[in-house]
Amino acid sequence: MSANYTTRRRAVTGLRFGLLAVALVVFLFPFYWMFKTSVEPTDAVYGDVGLLPGGFTFTHYEQAFSVGFHESVINSLIVAIGTTVLTTVVALIGAFSILRYRYPGRGGAAKLVLLTYMFPHVALIVPVFYLAAQVGLLSSPIMLIAMHTMLALPFCMWILMAFLEDIPRELEEAALVEGASELGAFARITVPLSYPGIIAAGTFAFIMSWGEYMFAFVLMRESASHTVPVALHQLLGAYAIDWGLLAAVSIIATVPVLALFWLMAKYLGEGIAKGTGVV
Amino acid sequence: MSFADQFAFRDRLEGIERKGTLIGIALVTPAVALVLVTIVYPFLNAVQISFTDLGTGQFVGLEHYQWLVSHDGFWTFTWYSIVWTVGNIVLQGAFGIGIALLLHEKFFGRDAIRTVMLVPFVVPTAVTAITWRWLFNSSYGPLNYWAVEFGVLSGAVNPLTETSYALATVTLVNVWRWTPLVALVVFAVLQTIPQEEYEAARVEGAGLLQEFYHVTVPHLQGSLTILGLLGVLLTFNIFDMVWLLTEGGPVGVTTTLPVFIYDIAFNLQNIGRGTAVSVVLFLMLVAFVVAYFQQEEFKGGTFG
Amino acid sequence: MTKIELDHVTKEYGSLVAVDDIAIEFTEGAYTMILGPSGCGKSTTLRMIAGLETPTRGDVLIDGEVVTDQPPRHRNLSMVFQSLALWNHKSVRENMGFGLQMEGVDKEERNARIEEIAAVLQIEDKLDQPPSELSGGQQQRVALGRSLVRKPEVILLDEPLSSLDEKLRLEMRTELARIQQELGTTFVHVTHNQEDAMTIADEILLLNEGEVQQFGPSLDLYHEPDNEFVADFIGSPSINLFDANIVENGAVRLDAGGISLDLPERHRDQYLSVPRSDVRVGVRPESMYLGDDGESGWPAFSATVDVVETFGDYNWYYLQSDLEESLVSQSANVNVMNSLSRGDEVTVRVNPESVHLFDPKSGEAYF
């Protein structure tokens, strides 16, 4: 039986690597294809299908610049950075408050914020559009930043609570007895110690905001205010779709988040594991 | 506690504890305020609008809702939404758990694979949609080319524009996007299973399937019921992927309720009816959550 | 020097009373230990002095001033935590200088004072490392240094020795006592270890279930325990306790299951004033002697040796007798008794001057 058993386990290992390889190809091939298209000359884009690029050119990237795609990149950067900063600050102080202090309404506040990710956000597009129109914030990054912060807040707060829970209260108390105020201890001790959580939350917020389409589509009506996903969709709606250009702008839209993800993968992974470890 | 003691207690709240209370409330206020401004107020506003004719500003009672229930499209789109949601959850669950199990045993490069696999989740949905539209392109896309080349298809077909395949295709692309995250979360849960339990099962003579059934499954069950609930809520409300791939077409076969809401409110410019659909969608999900928690396994559960 | 006072302080968590109406004045400039078993409220008491907890009722006074509602930073005290609570994102120097920085002391003076204290604690070559790179004993010194550098009026210590191994613990214990004596700062030190308390404290506050059992100079708790709990908690090995009756039979004697102990005649009136005849009797193991040589006036009984534990310079003998099922005894003069082993019959003599009598119901000491 033992030989049979060992063979079977070996076969399973072989199967494991085979299936993982297939999964990796399935998950990555589409992006390779997009990259390939983005650097091919136009005639190759519409020519025979081959695994390798049929030539190499930056034409599509130059074209992306000439159709003003970089403006949407700037808009997206403003929104995503604004969202990242706001989400991180609000989530951090909120998580700290809920974990460290006792006050009436604390449990309610925690539930209100943490359970919003169960709320059907699509039910908000009409009233939020209406609200933005009323207060004159259509096509303004402010309203979009607020919506994106709302979207990222529950998970970021969840992550930060998981990280803050691991910081012993005594570290803050030591600062209190050494003469720090409550907020002083928070700023000088808690914040520096929770930086992996802050990075994870910030990375998540940035990636979420950069790719968010629904609210950006509904709120950013003027073309000068379009963020990257909206601008992408706009190009897709053109009469004659230029796939070389679309591939190039897709790559441009992907590189910032991919780079960020690559740099912060360690923290984000830890954050996701911590944030969901409780599930 | 005497009367005087109660006064002492009142005084106490003037001191450290009151200060802590104030700081605590101050620090949580931005988060709460944000939720109030971006969710609670707009949604309450939506409820009000759904009873109003925005053109005249008059209260019209249940008019929008009456239109809704008598509108055949609404029921069809609800059905599409259910198909879309169930398809997504079942496939994401199956593939996600499968991949998580493949990663469960330690091997060289596992962490790298885990990281790389998340790429589809990180990339903006708009890019994903464009990419798949290009891959499915019937004239120049590689998938059609190869399918015809290898004799799988007799002629090129763009499944996103075929009424019989569109909903399935949109579902599959969304499954492709979310599966890595499901896999990662399930993987995190699997990591919490003590290795000893597997070893014990092996010592008792369990094979791989028995190990899976007797050790892995019981550990996953609790997490999966919660993940399943969250997955249903998130998936039911997805607008971007569907819209970016098909805009609800062809001839409405991929119009799920979120797309329907956008369509009525923004393309047909009927805000009242759009909000009515939103409110109904919200109520459907509330009903679903309530029903879900009514299940026996949630009685006395820790969630919520 | 600073006087700390607890004015009828009570701390409740919901229905749980952690600290029950403590009214104490700590002696200025003394080394005070707050001692008790786990869950007795000793840490809560310390944290209320620090300002990390607010009493439910009552007040904390520092130098006669009510500070109950003041945050820790307005109390001019420092604290060494059980976990040490060192900040690993800061260097040792930054850890130690934190309090001075909060006070607004400029960098130059800060460094001078850090280095002065670091020299005393022998960690001057570790100042620019993070605490996590230091050994347990060095980390302990950093934590202490962080408190000392600011020269606070009061230093609170919450089980600072519990994380150290035995040898280091004894070393640090001695050093704490030495530093306290040199500086004259008021030390309030929480511990569950009665030996630490007895060896270095000037005075001990013994708590149990949130209530004061006894407060006073350490030796008072040893020699004149206020109740059975104190007698039992203080001293190692623990005091022998058993039931007995007071009978007057010419002399006053304790009668316990066939064994009688005649009590000293000069305390006769006090014994006879005990309101009931059944009592609990406590005799410290070190007040009992084996063998029948020596002063013959002492009451004696015979017993069988059950277990012998040897420590080198002294032994512990676990005895079986009619008096009680088991009894702990100790011999200081090992030379005589070294040859005893299990099963040996032995005569046990009791120093009647060190017999304690307690009320069997309340545990209060009669004598």
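These notebook entries record what I looked up in the predicted model, interface by interface.

**Ground rules.** I worked from a predicted model in which local features need pLDDT of at least 70 and side-chain atom pairs count only at pLDDT 80 or more, whereas totals for chains, interfaces and linings use all residues. Residues are numbered from 1 along each chain as its sequence is written, chains are lettered from A and ligands numbered from 1 in the order in which they are written, and side-chain values use heavy atoms, with hydrogens and water left out.

**Entry 1: the domains of chain A.** I took the domain bounds from the assignment, which is automatic or comes from a database, and it divides chain A into domain 1 (2-45) and domain 2 (59-277). Their C-alpha centres are 32 Å apart, and each of the two domains puts nine residues into the contact, where contact means heavy atoms within 4.5 Å. The buried area, meaning the accessible area (1.4 Å probe) that two parts lose on being put together, summed over both, is about 640 Å² here, and carbon and sulfur atoms give 73% of it.

I then looked for polar links between the domains. I found zero salt bridges, a salt bridge being a side-chain nitrogen of Lys or Arg within 4 Å of a carboxyl oxygen of Asp or Glu. There are two residue pairs in polar contact, both at pLDDT 80 or more; a polar contact is a pair of N or O atoms within 3.5 Å, and within protein one must be able to donate a hydrogen and the other to accept it, while residues adjacent in sequence count only if both atoms are side-chain atoms. On the domain 1 side, α1 (2-39) and α2 (42-45) of chain A each supply at least two residues, and α1(A) gives the most, with five. Helices (H or I, at least four residues) and strands (E, at least two) are DSSP runs, numbered from the N terminus.

**Entry 2: annotated spans.** The unreviewed UniProt entry marks "transmembrane region" at residues 12-33, 77-100, 112-133, 145-164 and 240-264 of chain A; UniProt positions are given in the numbering used here, feature names are shortened, and annotations may be inferred rather than shown by experiment. I checked two of these spans: residues 12-33 of chain A are 100% helix, with end C-alpha atoms 31 Å apart, whereas residues 112-133 of chain A are 55% helix and 0% strand, with end C-alpha atoms 26 Å apart.

**Entry 3: chain A against chain B.** I counted 85 residues of chain A in contact with 93 residues of chain B, and the buried area is about 8200 Å², with 83% from carbon and sulfur atoms. One salt bridge crosses this interface, and it joins B:E105 to A:R16 at 3.8 Å, N to O. From chain A, α1(A) brings the largest share of the side that touches chain B, 18 residues.

**Entry 4: chain C against chain A.** Here 23 residues of chain C meet 16 residues of chain A, burying about 1700 Å², 62% of it on carbon and sulfur atoms. C:R73, C:W87 and C:H89 supply 30% of the area that chain C buries against chain A, more than any other three residues. The rule finds two salt bridges across this interface, including that of C:R47 with A:E173, whose closest N and O atoms are 2.5 Å apart.
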